[in-house]
Amino acid sequence: MAPTPRDRLAASVRYLGPKLVQFAFVIWATYTVTFLLIHFLPGDPVLAALSLKGGDATTTDPAELAALRAQYGLDGSLWQQYVGHFVSALRGDLGVSIATGQPVADMVARALPNTAAVAVLALVLGVVTAVVITFLAFVSPWRWLRQTLLQIPPLGAATPAFLSGLVLVSVFSFGLGWFPSSGSRSPLGVVLPAITLALPVGAIFFQVFSAAVLDARKGPYVFTAVAKSLGTGTIFLRHVLRNSLLPSVTILGLLIGYLAGGTAVVETVFSRDGIGRITVDAVLARDTNVIQGVVLVVALVYSVVNLLVDLSYGLIDPRTRLALVGRRAGSARVAAARDTAVVES
Amino acid sequence: MTRPDTGDALLRVTDLHIDYDTRSGITRAVRGVGFTVAPGAIVAVVGESGSGKSTISQALVRRLPDGGRIVSGSISFDGRDLVTMPDRALRRIRGADIGFVPQDPSNSLNPLMKVGEQIAESLRLHRGLNRADAAAAAVRILDEVGIPDAASRAGQYPHKLSGGMRQRVLIGVAWSCSPRLVIADEPTSALDVTVQRHVLDRLETLARDQGTAVILVTHDLAIAADRADQILVMQAGRIVEQGTPADVLGAPSHPYTRELVAAAPGLTSGRLAPRPASAQGDAYAAAARSRLTLAFRASATATSVPDILAVDDLTKTYSLRQPAGGAKTLTAVDAVSFAVPRGSTFAIVGESGSGKTTTARIAARIVTPDSGRIRFDGQDISSVAGEELRQLRRRIQVVYQNPFGSLDPTMSVERLVDEPLRAFKVGNRSQRARCGSCSPPCASTPPSWTAGPRSSPAGSASASPSRGRWHSAPSCWFWTSPCRPWTCRCRSRSCNCSWTCRWSSA
């Protein structure tokens, strides 16, 4: 029985609907929690900004203060601000930075590519290294070599980014002069920060991935493959890799979320512009509009990534794949449970 | 027919020793095994779990689990020694001339690869076929092993196939390159009895048609008797007896073989007889038992209700969620009624999916039925809840099917046994400790009370928690296929154990 286009559409909606609702909920909840946290912190951000400019003894005209508040969108009741900010955020307007006077959306748009370059490169380096080390451990005929290889990556997780960053800078910038030590002007400047970030990211990914691979190594389907005399490399690439990616993809989603917001240390060490830097500056200056905008953007990135991760399960694992993609509607599980005898005979 | 020491043997194993290096020292799994397999012969290797029969089958493809190694001896296949052969040469033989049918069909296929491709892979490697030819040959092989509608099944993933069909796919993988020897390691242990026969028939037909020699590793003496030309009986890493089925089963000479033959349910018609138990040598256990027995008799005579358990019109449906097409309803139990007389053994028989386990779980109040009534000891327990239900748990006990999954692997056997006693606050700490280790009603001696259940063999693993439950004085037991994954000898011991428990409390 082939599903009609109408069936396919209905099934897609049923599958995607809850995930999209979840997606919208995460964005809204993040906005609400950040909004409440910022507004229940003691002190007034506009007054703080003024006193930062003019020193503690600055006297402020109440009318001028009210005008400033209106300019930054911080006037009106709490409720009005909550709804007002949300509506303008939906239109892509994240307000104006109190500290710099620039639109927050522009600041984020300028910083995001820098952070994204570092984060993506770090992710690729981390994942590729983890897969390669796991592969070597998998094909290793000696137990001692396997154990040694498995002990390497936890080092990456244990080394703090400011230490590994400084070591990399002193060796590869000051010593060998291969890469610039700081700034985001040169395209090569992305390499050292990415390596620094790849260490913890790759190590965490490695822990999950290698555990899955070594588990599979002792498992029955690998035994079947060995009994067929497939080469060790073929077994890894054709059989083990995809099976072990299933648990690892989940951790990948979490790591991308961490990278989207967690680059602050690396960007500070390497003096690069980026989301992390903006966040640190905004928190120090009590620039509430920027904080709010950055948190929203990071939440958006994180939710999109997790939505993609959810969808990728279907690509990797036929058991979770939409039944409408296959030829037979998903009645097989029921059939297998009930009608074994009928099929058998 | 195979005779030892003939010149034309296909496989000749000589004085094979295999050790496992474990944390607690070296385990000698196989100690000096020798046998020959003639071309086209079916040789059954029989023995209980831990006798080394699976280790031999894995050694024949030179793939032992971590820590296992062949210490000495030779495995000569077609005149070449598999033990000393370089890897490259071995890989030309394994999969092409030697096929392997593994034990567990549910996990032995790659879940992310279409079944046709899993056969085609082997054909491309050993036969050098191109992609299209290999795919077509795979469909032919699937058809040959008895998979209906092979062309469309070849494009499906293993999870869409039933256990029996998956095992047939694995048989197809093993036979894909027309091997001269196939090693089948307990190929049907995980399957239903009805399916077992079909799979074995298929295996035997392929072997007879193609003249393939088969080494059939099994714990089921009845299967060995039925299918094999020659039987090897193994115990503790040694072959204790070998010969034709008629010789081995008709006139077993070794005491272990005699025990195996006596325990095999298919071969002997004798019923299990209740056996009086005693608690000699332990005053506490004897006193506890007599108290329990007296209390039970008193309650039995006080009530005039003849049935301990009566279920009436039980119905249970499950709604299966599907990614497409919404929910589908599966009626697991459909208007079931029965009554169990006090002090009797009541059997519910059926194949997997027939609803027998669900019925037992409903009657034990573990699963809630959609409708129907359960009366236990004269009381309607269909809707008891909270503390009342908890107290009921003490009187209704369940022995589960899978001794490996049902025990918490992080708890010692002793703690597992006295956990129910702790839950119901029976006795004080030292009494409970004694109870955990008191002279057991089962004839098994645990290797170590403080070790986890993983280190015990399956038979004693399932017996141990039963013991604690028995001490908390139940009046009704449920056994949900408790003996299925075990060897015959363990089965009969465990059933005797249940009989003893019943006898002493009734």
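**Entry 1: two helices in chain B**

I began with helix α6 (residues 163-175) of chain B and helix α7 (residues 193-210) of chain B, whose axes come within 10 Å and cross at roughly 15 degrees. Angles under 35 degrees count as roughly parallel, so I wrote down α6(B) as roughly parallel to α7(B). I noted the crossing of α6(B) and α7(B) as right-handed. Next I listed the residues that make the contact. From α6(B) they are B:Gly163, B:Gly164, B:Gln167, B:Arg168, B:Ile171 and B:Trp175. From α7(B) they are B:Val195, B:His198, B:Val199, B:Arg202, B:Leu203 and B:Leu206. I must keep in mind that this is a predicted model.

**Entry 2: a sheet in chain B**

I turned to the strands. In what order do the four strands of the open sheet in chain B lie? I read the order as β2-β1-β4-β5, with antiparallel pairing. The edge strands are β2 and β5 (80-81) of chain B, and each of them pairs on one side only.

I then took the pairs one at a time. Strand β1 (residues 11-22) of chain B runs antiparallel to strand β2 (residues 25-37) of chain B, and ten bridges join them. A hairpin of two residues leads from β1(B) to β2(B). I found B:Asp21 opposite B:Ile26 of β2(B). β1(B) also pairs with strand β4 (residues 68-77) of chain B, again in the antiparallel sense, over eight bridges. Here I found B:His17 opposite B:Ser72 of β4(B). A reminder to myself: strands of a sheet pair through backbone hydrogen bonds.

**Entry 3: nonpolar cores**

Which residues touch the most other members of the largest nonpolar core? I found B:Val43 and B:Leu216, in a core of 148 residues. Helix α9 (residues 191-217) of chain A gives the most to this core, with 14 residues.

I looked up what B:Leu216 touches, leaving out residues up to four places away in sequence. The list is B:Ile42, B:Val43, B:Ala44, B:Ala184, B:Ala224, B:Arg227 and B:Ala228. I also noted a second, separate core of 16 residues. Its members include B:Leu314, B:Ala332, B:Ala363 and B:Phe376.

**Entry 4: one alanine**

Last, I picked B:Ala262, which sits in helix α10 (residues 255-263) of chain B. I looked up its surroundings. B:Ala262 has 14 C-beta neighbours inside 10 Å, so I put it down as partly exposed. A residue needs 20 or more to be buried, and 12 or fewer to be exposed. I also checked B:Ala262 against B:Leu249: they are 13 residues apart in sequence and 9.8 Å apart in space, C-alpha to C-alpha.

Technical notes
Residues are numbered from 1 along each chain as its sequence is written. Chains are lettered from A and ligands numbered from 1 in the order in which they are written. This is a predicted model: local features need pLDDT of at least 70, side-chain atom pairs count only at pLDDT 80 or more; totals for chains, interfaces and linings use all residues. Two strands pair if DSSP finds at least two bridges between them. A nonpolar core is a set of buried Ala, Val, Leu, Ile, Met, Phe, Trp, Tyr and Cys residues joined through C-beta atoms within 7 Å. Two residues are in contact if their C-beta atoms, placed from the backbone, lie within 7 Å. Axes are lines fitted to C-alpha atoms, for helices over the stretch in contact, and angles run from 0 to 180 degrees between N-to-C directions. Angles under 35 degrees count as roughly parallel, over 145 as roughly antiparallel, 65 to 115 as roughly perpendicular and the rest as oblique. A crossing is left-handed if the near helix is turned anticlockwise from the far one by less than a right angle, and right-handed if clockwise.
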